[in-house]
Amino acid sequence: MSIKSGLLPLGEGGVMAGQGRKSLQLAVLLTLAVFLPLVAPPAAADPSIGLSLDSAHVQLIPGDSSNVILTIENNGSSIEDFSVSIGNATIAESWDVIATETLVEDVLPTFSTDTIIVVRLNNSAAIEDSGNVTIMVSHNGTNITSSITLQLSVMPRYGPLLDATGVGDNGLVAMSPGTSLDLSVEVTNGGNVLDTLLLNVDSEPDLTSWWVNYTSGNSSDNSTNGTGNGTGNGTGNGTGNGTGNGTSMGGPRTIPAGWSVYFFVDLLSNMSPGEVRSQTLRVMSPGNAAAGYHGFTLFAGSAYGNISFSTTLVVNITAIHDLQFSDLTANATWLPGIEGNLSAEITNVGSVTAAHYYSILATDGPCSFNIDDGNGSQLAPNGSEVLTITAIPVTTSHLNETCGVQIQARNVDHPSALHHQWLNLTISVYWALDIATPSGNISLIPGESTSQQLAVWNLGTEDDTAWFEATSPVGINVTVPNGWTSISRGQSSLIEISYHVDTDTELVGLQNITIIANSQNSPNTMAQLLLNITVEERDEISVEGPSDNRIVVGIIDTSTTDFTVENIGTSALEIMVSSSGLPAGTALNVSTENRTITAGEVKILSIEVTTDSTTLSGNYAVSIVFQGGGSSVSYPLTLQVLPRIAISVTSSANWAVVGAAEPAVVSIEVANLGDLQDTISLQIDDSNLSSAFGVALESQTFTLDGGELATVNMTITKIDFTNQESPLSIIATSSLDNTVTDKMTITIFPHSASLNLTAITISDTVAVGSSLEGTLYVTNKGNSGDTFLLSSYGLDCNFSAYSVSLAAGQTDAGVTYSCPITSIILSGPHAFELLATSQADTGKSASVQVTYNVPSTRVDDAVSITLQSDTLAMNYDGGSSITVTVTNLVNDMISGSLSVGGTNVDLVSATWSSQSGLNDSLYSLSPGQSAGFVLKMTSLSEQGGKVDLLITSVSDVDGQIIVDESSILMIDIEGKHMPPDGLILPFGFEVANDTGLNIMAAGWAIALLFLLYLRYGRKQVSDYNDDAMDSTDEVEGDSFDDPNETMMLDGRKVVCPACSTRCTVPRGSLPPFKFTCPSCEEKIRVTG
């Protein structure tokens, strides 16, 4: 209507002119309607960024945090990234305002997005820390910025805190019934404002949760009793205070009767934030308080904050534990080494039933004590039980010495309750003597004296002194020690008793004698010993020999001499003859058979002296001893041995082995067995010796004194082949008498080499990379010493020694060997040989076969797959090849095949060919072997793209299937060039075909609506409306022809069909759409 009123005053010409101008204006408006949405420049700074908060005022108590949602509106006409920052300069350090996203990306025009702003307030914040903070949002990389202010307020926090864990043992105190304790409890204003605190005490019958925390090292009570004051002041202080409970400071419970628990000061005014005050809590227990644990809840409440906190104090009322001991041991005689029992009556004089464990705490004196069973029974108050203690005075204790034992009674339920009592005893005495019976009887010969020692024992418990007396038949005189003899307890003392029988006594045979020992300390204590004494007959002989006191004999000869023996005693005797001083090789023998001689009888005894070849000539002083009963006569004389001539020849062995490598050396001993110096000659008798041997002596003549020995080496060499043994004789002749000779014969054997091998392995299963280890034993089975060289066949082995030298029949102590097992050895059973070769006869050797098993080295990978290159490029209508190498990683024969897979693998076709000439992907490999393949790939797509190719091998390892994979082969296929599809607008804007058509249609619709408005608003301008409609028809009839088309690849990439350039499409673009290639400026249509 306002347009109409504005045009009414114009005339006809004015109307036409106005219509012309309106036509021009209409054309301009239509043009702007079509292109303005596409080419409009970015909006100015602040209006293009709209900001809002879900909460513009954040109120926190210290220690809390909150999230604020910041909404960012993109009022511009393009997709934008926004950077978010916080201006913290004006707020206190107790505040932390953090943007969770400093960069918000891809916000579409006219759209908005949310991001979180975190606001935190630390525990030390004060009320005056309130303020505000500015949140700034900018177009990323520009100075176009909008900001918004967030108000921050610190709320008051009330924290009436108190803690009983610093009292006693982590909140546990002990006291006796009827006593009083003053305890210091710390009270803290844990809030952030000035406050007045109220203190109160209540009972706490349920200590279950307190004990749980106490056993875990924290005796605090964190239970809650209410809902707090609604302002968040109910979190406690982490030191044992519970959560807030409104203004309630104790429930319906009351302090138990007889108890008095209160704070000296229960009102604490004007406490500054964080202030700590120590307050005295008095605890008074009644005299009849039951033993056990009693809980009390201590409260602290805020006068201003409508909140209270509590903590728990536990009082342990200790029971009275006491015992009374009484010695019930009857009068007893305590002797050293004798066991006895002490008895003690134990009465429970405490206030509670208790059981005790009894033990020995200390002892005094020379006694040992023991309690067989220390477990006592449950004793009610005034109940009693008897404890028995075994006591043994040591054997070294003495009369009137005392012993004591301290008994400890430990309360089973309260181990700290200990009770002690001493029990004593006095050691008594026991007197006893004993005379030990001697092992044999005493025999007395008339006219002679004898003595014996007797052991007198003190069997009492103290040292003693004894005197002795004896009774005997007339004719036998017995002498005992004079005076007193001291005898230690448990010890013996030897006394000597002498006996004498008169020559003319008529006593014969057994006679009784009594020996008496009397105690000095105990007159009634004595010991008696009854002895049987035998009175014997008297033995005596006399001897007469040759007048010249000489016996003459030759070497290897016998001489006989007579001796006259007379029995001048009173008993019949058997004469025994012995000798002393006879030279070596001489023997003495009595030829008279009947050598019994009665009293007064005279008898001739013939004595023979015999020599052998070892007897040396010379004069020897000898004695012949004649023994008759108890009488003995030694008759001295001279034994004259005449000299002799004798020689001998011997060798160290009666055989010798001679080898081709070295001669045999035989040691020969020549001896002068005679008594005079002699020259002995040696002669070799080789008449029966094989001509294959040669013999040589170092010397053949020896001058030796009587009994002298000489040694000479005889060397035997092998000068020709023979396998027969031969005899060799050596003859020795005396120069004093050539009829005196000696001969020896040895047998010569040719050397025969032979050996035997034994191998013992540590383990017959050996893994690749380790060594087969064992010990080789070599036995020389030849007839002479030999050296053997060691070697191996089938494995390269190391020996601790590569040769061993052994005597005939000797076995070596063992040569260790170690054979490395390489990766080229197939798994399964194998064998190799250990060999030894004789050095004396290199044609003689021996071997032993050693079997072993190599386990498979199968791991996760059976083969390795090596690519010639990690990347490959090709055109859409071409192809490319790459070499692939497969290597066997295990020690088994494997076979398998190769295949390809991966991402976008359908864009290519793969063809395998073996470098060995086989046209396939099959392989069969021995350990460590490799095979080469050529993989040819041909593109199947005109649009190109990227292929991540993965080569897979499937191997059969002794029936087990193992799959291995190669590294990724990246293939880049360049696509076919296609015409562009879409609109490229000024200022870098790109619009797809469908988007451009939609925008143009919208423009035409706006223009059409505007023309209708002009037409029906003013009928005089119909021509204008016609022109406008014609113009509109022209715009609607316009269209684009976009022949180029391509597909979108990963990473928002496309390949331009016109120039093959890889381009990045605008963020947020979804197919189908069009855009202009920045390289060739062709329009490209992008499809899915």
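Predicted model: local features only at pLDDT ≥ 70, side-chain atom pairs only at ≥ 80, totals over all residues.
Local features are reported at pLDDT of at least 70 and side-chain atom pairs at pLDDT 80 or more, while totals for chains, interfaces and linings use all residues. Residues are numbered from 1 along each chain as its sequence is written, and side-chain values use heavy atoms, with hydrogens and water left out.

Across the whole structure, 12 aromatic pairs were found (rings of Phe, Tyr and Trp, the last by its six-membered ring, with centres within 6.5 Å; planes under 30 degrees apart are stacked, over 60 edge-to-face, the rest tilted). The ring centres of phenylalanine 563 and tyrosine 635 are 5.4 Å apart and the planes stand at 80°, so this pair is edge-to-face. Because phenylalanine 563 belongs to strand S37 (residues 558-567) and tyrosine 635 to strand S43 (residues 631-641), the pair ties together parts that are 72 residues apart in sequence. Strands here are DSSP runs (E) of at least two residues, numbered from the N terminus. Both phenylalanine 563 and tyrosine 635 are buried (under 20% relative accessible area, with exposed over 50% and partly exposed in between; 1.4 Å probe, protein chains only). One aromatic cluster is formed by Trp210, Trp211, Tyr214 and Tyr293.

Strand S43 also takes part in an open, mixed sheet of five strands, ordered S36-S43-S42-S38-S40; strands pair if DSSP finds at least two bridges between them. Strands S36 (550-553) and S40 (596-597) are at the edges with a single partner strand each, so one side of each lacks a neighbour in the sheet. Strand S38 (residues 573-580) runs antiparallel to S40 and is joined to it by two bridges, with leucine 573 opposite isoleucine 597.

Elsewhere, strand S55 (residues 786-793) is joined by four bridges to the antiparallel strand S57 (residues 803-806), where phenylalanine 788 faces valine 804. Six bridges connect S55 to strand S59 (residues 828-838), again antiparallel; leucine 790 has alanine 836 as its bridge partner in S59.

On the surface, Tyr262, Phe264, Val265 and Met284 form a nonpolar patch with about 340 Å² of accessible area together. Methionine 284, in strand S16 (residues 276-284), is partly exposed at a relative accessible area of 33%. By contrast, serine 734 in strand S51 (residues 726-734) is buried, with 2% relative accessibility. The serine 734 side chain reaches the backbone nitrogen of leucine 736 at 3.2 Å.

Patch members have over 30% relative accessible area and no salt bridge, with like charges joined within 9 Å and nonpolar side chains (Val, Leu, Ile, Met, Phe, Trp, Tyr) within 5 Å; areas come from the Shrake-Rupley method with a 1.4 Å probe.

Note on methods:
Salt bridge = Lys/Arg side-chain N within 4 Å of Asp/Glu carboxyl O. Polar contact = N/O pair within 3.5 Å; in protein donor to acceptor, adjacent residues only side chain to side chain.
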